[in-house]
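Biologist: Please take one part of this model and look at it closely. Then place that part in its setting.

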Amino acid sequence: MAKTIIPIGPYHPLQEEPEFFTLTVEGERVVAIDVNVGYNHRGIEKLSESKTFDQSTFLVERICGICSTSHPFAFTRAVEDIIPVEVPERAKFIRTIIAEGERIHSHLLWLGLAGHFLGYNTVFMWAWKLREEILDVMEILSGNRNNYAMFKPGGVRRDIKSVDIPPVIKKIDSIIPTLEMLKKAVIDDPVLHARTKGIGVLSKEDAINFGALGPTSRASGVARDVRKDSPYGAYDKVQWDMIVTQNGDVFDKAVIRILETFESIKIIKYCLLNLPDTEIDLNLKDIPPGEGIGHIEAPRGETFHYVRSDGTNRPVRHKVRAPTFMNLPTYKATIIGETISDATIILAAIDPCYCCTERVAVRNLKGNQIYDGQDLVKLSQQKTEKIREKNGCLKWI
Amino acid sequence: MSVKLKALLKSPWVFHLSTGSCNNCDIEILDCLTPRFDIERFGMLLASSIRHADVLLVTGSGNRKSMEIVKRLYEQMPKPGLVVAIGECAMSRGMFIHSYNCPVPIDKIIPVDVYIPGCPPKPEAIIAGVVKLIEKLNKRK
């Protein structure tokens, strides 16, 4: 059968962010997929090297609007790992509260979008209406709806006042019945079963081989969660369960995310009621030379930051690896052989975040050569030489 | 005011264009459509194609790869069309002003009618911005 190529993007009504998929189909079946990203690249790693450690925290917050806690969390942990130092207990609890609030709103956002992709707009509206309540909670606690600006190396920037705690708990309790209703509506719906069960299956072997992270891997039976494996923040002090399912299809990925929101609510409530009474900030002054890593469990999986310091107030190297970077290649295992009508929900099932994932490659105008770092340095030197030659200077090289 | 523009202001259809943003402004735009804010009651509808849209909502700082496409999309938009730049990045590139990949602000590429500041602007601010644009155009006649 003749192969047809279907381009999706870069600006497609179903996509929030610009990205470009090329689906090769035979009849209705997808036989190959290619992803082209780069429409979102802003050069954050390089920008971070020109900012101080305190400023970089705000910069990494803007890597991704949905993970606006995960990146600063991982970054501050990386900076604290250079010294190394432990943040005060109260700061750990506040960090955990903010991170879990973000997880709830991210999972509800995904659930709504998944409903939208399936043509089930009721779920979209319900989930996003519920999400507003969580954003209200975050606004009470941090002052902002999305970019919370709560983190700084050595602690948190803002304390949670004890008078705020009862209304916040009341608000969180008030969303549980609606969330239960939403859970039943999604998990017991025969239409959703027909659209998502057995679709886009990622087997356990594939999940391990591709290095899938977060809910994508946990839906395939790989019990891997940074919060359990190497506890940070207050996660080792709270009783909570890691949700693992076995099938690896789109339905299981949805189930994982819905059930995780309940766990997050549990964690937030425990942390709010048991806030230790200590300092919230270490007032770090100097960062010594050295290197540090920080990894935390973002809503989509493990976020990893590497920071190298040379003793000044700026990082010399800052490396970010977002979870979608690892989850994206699982398309090769999940989408091949499925129908084109299921492609959208399979593409959405890993909860992709392309602005976290952006990488850049420099090529010449013909497109037949890709330059690496050394080539670029060489090109820059050649240009300098040309200018020097033009103005009658001596040769350097 | 031209008849076309007058007709447009009754029920402006918006198209959302992300030129390299962090998703936050995009999500706040989507938030405007959901029950709490619900801009559809003002007759605004999210169009799925730029060829059906009257108002272009631009977010993001723009970069070398997306700028060419932004220009092309603006040319495809039926005229008269209005452009609203949402968020700090679309106004002045915000934090990314010194980035190697964000050479020019959006308003150097396409004409912008309204700027909505904020990182990200709240849905209320986005709605207020669009309403102000409509009021301003109504007064012009």
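Modeller: The close look comes next, followed by its surroundings and the partner chain.

Residues are numbered from 1 along each chain as its sequence is written, while chains are lettered from A and ligands numbered from 1 in the order in which they are written. This is a predicted model: local features need pLDDT of at least 70, side-chain atom pairs count only at pLDDT 80 or more, and totals for chains, interfaces and linings use all residues.

Helices here are DSSP runs (H or I, at least four residues), strands are runs of E (at least two), and both are numbered from the N terminus.

Is the helix enclosed or open? Twelve of the 13 residues of α3(A) are buried, so the helix is largely enclosed by the rest of the structure. Buried means 20 or more other C-beta atoms within 10 Å of a residue's own; exposed means 12 or fewer; partly exposed is in between; C-beta atoms are placed from the backbone. The buried set includes the charged-type residues R77(A) and E80(A). Also among them are F73(A), F75(A), V79(A) and I82(A). These buried residues pack against α2 (53–61), α4, β4, β6 (290–298) and β7 (301–309) of chain A.

A cis peptide bond joins I83(A) and P84(A), with omega about -20°.

A cis peptide bond joins K79(B) and P80(B), with omega about 5°. P80(B) lies in the loop between α3 (64–76) and β4 (82–86) of chain B.

Two other backbone points in chain A deserve a look. A149(A) has phi near 55°, a positive value in a residue other than glycine. It is in the loop between α5 and β4 (151–152) of chain A. With 17 C-beta neighbours inside 10 Å, A149(A) counts as partly exposed. D351(A) also has phi near 55°. Its loop runs between α14 (340–349) and α15 (354–357) of chain A. D351(A) is buried, with 24 other C-beta atoms within 10 Å.

Now the partner. Chain B has five helices and five strands, in the order α-β-α-β-β-α-β-α-β-α. Its radius of gyration, taken over C-alpha atoms, is 14 Å. That agrees with the value near 14 Å for a compact globule of 141 residues, by a rule of 2.2 Å times the number of residues to the power 0.38. Of those 141 residues, 47% count as buried.

The two chains meet. In all, 31 residues of chain A are in contact with 30 residues of chain B; contact means C-beta atoms, placed from the backbone, within 7 Å. On the side of chain A, α1 (44–48) and α5 (121–142) each give two or more residues. α5(A) gives the most, with four. That side divides into 15 nonpolar, eight polar and eight charged residues. Nonpolar covers Ala, Val, Leu, Ile, Met, Phe, Trp, Tyr, Cys and Pro; charged covers Asp, Glu, Lys and Arg; the others, Gly among them, are polar.

Last, confidence. The predictor gives the complex an ipTM of 0.90 and a pTM of 0.92.

Notes: Two residues are in contact if their C-beta atoms, placed from the backbone, lie within 7 Å.
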